[in-house]
Amino acid sequence: MQRIANIAQARMGKIPTVVQEQYKAREDGSTMKALAWFGTEDVRLIDAPIPDITEPDDVIVQVTGTTICGSDLHLYHGEILALQKGDILGHEFMGKVDRIGPNVKNLEVGQRVVASFQIACGKCKYCQQKLSSFCDRTCSSSLQNYLYGERDAGFFGYSHFTGGFPGGQAEYVRVPLGEVNLLPIPDDVPDEKALYLSDVLPTSYHSTVDTGVQEGDTVGIWGLGPIGQCVARWAKLKGASRVICIDEVPARLEMAKSGGFEVLDFRKEKDITKKLHELVPGGLDVAIDCGTFHAPKTLLHKSLKLLMLETDVPEVVNEMIVSVRKMGRCGLIAAYAGFTNCFNIGALMEKGVRFIGNGQAPVHKYWEELLHDYIRPGGFDPRFMITHRVPLEDMAKLYAAFDKKTGGVVKVFVETKFSSPPSEGCPKTTRVDDWKA
């Protein structure tokens with residue numbers, strides 16, 4: 001699949017952008033540790049050239065914190081198109097400014113910053129509205145343009161389908177258009193609170209706001225990874241009267257339960273829609289797919305995926321459509337990429353369901369609000385979801401452990417040799433080999 005996608009994209013050619021994807025290496029030949037993709041379930045820690053200023057708007061970030069995301073597992077399993085051997089992965093990272101290009105005026109060397117997972121130009125019609133994930137000028141993927149009719153912004157470390165930019169699971173990262181795509185972090189905010197402004201916090205907040213969670217709503221959440229855990233808490237902060245969380249992983253169900261939310265284990269409750277209508281006569285006001293179980297549950301969809309007759313599974317989406325009330329709202333923040341079969345379009349139409357593709361979250365729209373209105377005052381502390389801390393040297397093993405949810409893992413802080421010690425109340429550094437299955 002990757003070979004065909006790369007050939008197709010090469011024949012269509014790149015769409016012109018305002019940024020260059022690949023970086024220039026430092027003249028002294030110095031190297032860094034970085035996590036790279038080499039095939040399905042084959043990721044490796046490599047020695048890669050340290051990036052240097054390649055374009056005048058660049059900033060080089062020395063990474064002090066990175067992580068793994070559930071969407072990274074789609075890369076791990078080779079489900080995202082146009083991956084190439086040696087691609088550096090990772091789209092969530094923060095650190096210190098190491099070098100700045102001559103056009104960068106708002107940042108200084110040594111300043112702490114967090115990067116958005118998307119690379120925005122700051123000037124197109126979408127960027128002018130802070131809709132940074134929809135930037136028109138930074139993704140060169142002709143394949144994405146062909147399949148979707150348009151392109152998202154370029155993303156760090158997420159294949160050539162999203163631009164082919166080297167990612168943040170590394171000791172250094174080149175950030176194109178650094179003035180736009182880096183947020184300064186004040187000294188009173190530790191790395192463990194700031195790192196997740198790169199993706200998890202804006203993504204979860206965006207899905208809550210964009211799906212229209214309101215005072216008094218009853219909300220159902222499918223998937224209790226970091227996004228789902230945060231969505232539950234944002235929904236509560238937005239005034240939801242009930243939040244019902246659905247998953248199968250005991251540690252994740254327990255984390256949600258400890259946060260004061262109702263939980264359903266779909267291993268025990270085989271008919272989720274029936275159970276939800278028993279709990280909420282008339283149906284949910286809002287349902288949000290936070291994407292933990294893209295693996296098909298039924299024989300039908302296992303067969304369709306095996307035969308490559310669909311790329312994505314509609315089972316969760318269909319459960320949501322049936323579970324909401326008439327005129328209810330369904331939000332889709334889970335990372336779907338292609339096509340599906342057996343979508344319940346009839347129920348969608350007949351019930352008047354508002355089906356909302358939330359899209360990739362526009363980080364720039366929310367990150368200052370989240371930092372200054374929630375994190376700094378203490379209204380939202382993202383450290384609740386950090387279950388583990390590991391060194392970058394364990395990154396390849398972390399992919400396998402995260403995929404299997406070993407040791408009750410939910411969210412991980414990955415340290416580099418430049419990281420500060422763990423802040424108070426955060427997990428101490430462990431090694432993946434020591435985690436209990």
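At what angle do the axes of helix H6 and helix H7 cross, and within what distance do they come?

Modeller: Happy to! Please keep in mind that this is a predicted model. Two packed helices are described by the angle between their axes and the distance between the axes. Helix H6 covers residues 200-210 and helix H7 covers residues 226-237; their axes cross at roughly 50° and come within 8 Å. Since angles from 65 to 115 degrees would count as roughly perpendicular and those under 35 as roughly parallel, H6 is therefore oblique to H7. The crossing of the two is right-handed.

Now look at who touches whom. From H6 come Val200, Leu201, Thr203, Ser204, Tyr205, Ser207 and Thr208, and they meet Pro226, Ile227, Cys230, Val231, Trp234 and Ala235 of H7. Sorted by class, this contact of H6 with H7 holds nine nonpolar and four polar residues, with no charged ones.

H6 has another partner to show you. The axes of H6 and helix H13, residues 363-375, come within 9 Å and cross at roughly 100°. That angle makes H6 roughly perpendicular to H13. On the H6 side, the contact uses Leu201, Pro202, Tyr205, His206 and Val209, while H13 brings Val363, Tyr366, Glu369, Leu370, Tyr374 and Ile375. Here the residues of the contact divide into nine nonpolar, one polar and one charged.

Let's finish with the rings themselves. A pair of aromatic rings is described by the distance of the centres and the angle of the planes. The count comes to 13 aromatic pairs. Take phenylalanine 380 and phenylalanine 384: their ring centres are 6.2 Å apart and their planes stand at 75°, so this pair is edge-to-face. The cut-off behind that step is that planes over 60 degrees apart count as edge-to-face. How covered are these two? Phenylalanine 380 has a relative accessible area of 5%, so it is buried. Phenylalanine 384 has a relative accessible area of 27%, which means that phenylalanine 384 is partly exposed.

Notes:
Residues are numbered from 1 along each chain as its sequence is written. This is a predicted model: local features need pLDDT of at least 70, side-chain atom pairs count only at pLDDT 80 or more; totals for chains, interfaces and linings use all residues. Side-chain values use heavy atoms; hydrogens and water are left out. Axes are lines fitted to C-alpha atoms, for helices over the stretch in contact, and angles run from 0 to 180 degrees between N-to-C directions. Helices (H or I, at least four residues) and strands (E, at least two) are DSSP runs, numbered from the N terminus. Angles under 35 degrees count as roughly parallel, over 145 as roughly antiparallel, 65 to 115 as roughly perpendicular and the rest as oblique. A crossing is left-handed if the near helix is turned anticlockwise from the far one by less than a right angle, and right-handed if clockwise. Contact means heavy atoms within 4.5 Å. Ala, Val, Leu, Ile, Met, Phe, Trp, Tyr, Cys and Pro count as nonpolar, Asp, Glu, Lys and Arg as charged, and the others, Gly among them, as polar. Rings of Phe, Tyr and Trp (its six-membered ring) pair if their centres lie within 6.5 Å; planes under 30 degrees apart count as stacked, over 60 as edge-to-face and the rest as tilted. Buried means under 20% relative accessible area, exposed over 50%, partly exposed in between (1.4 Å probe, protein chains only).
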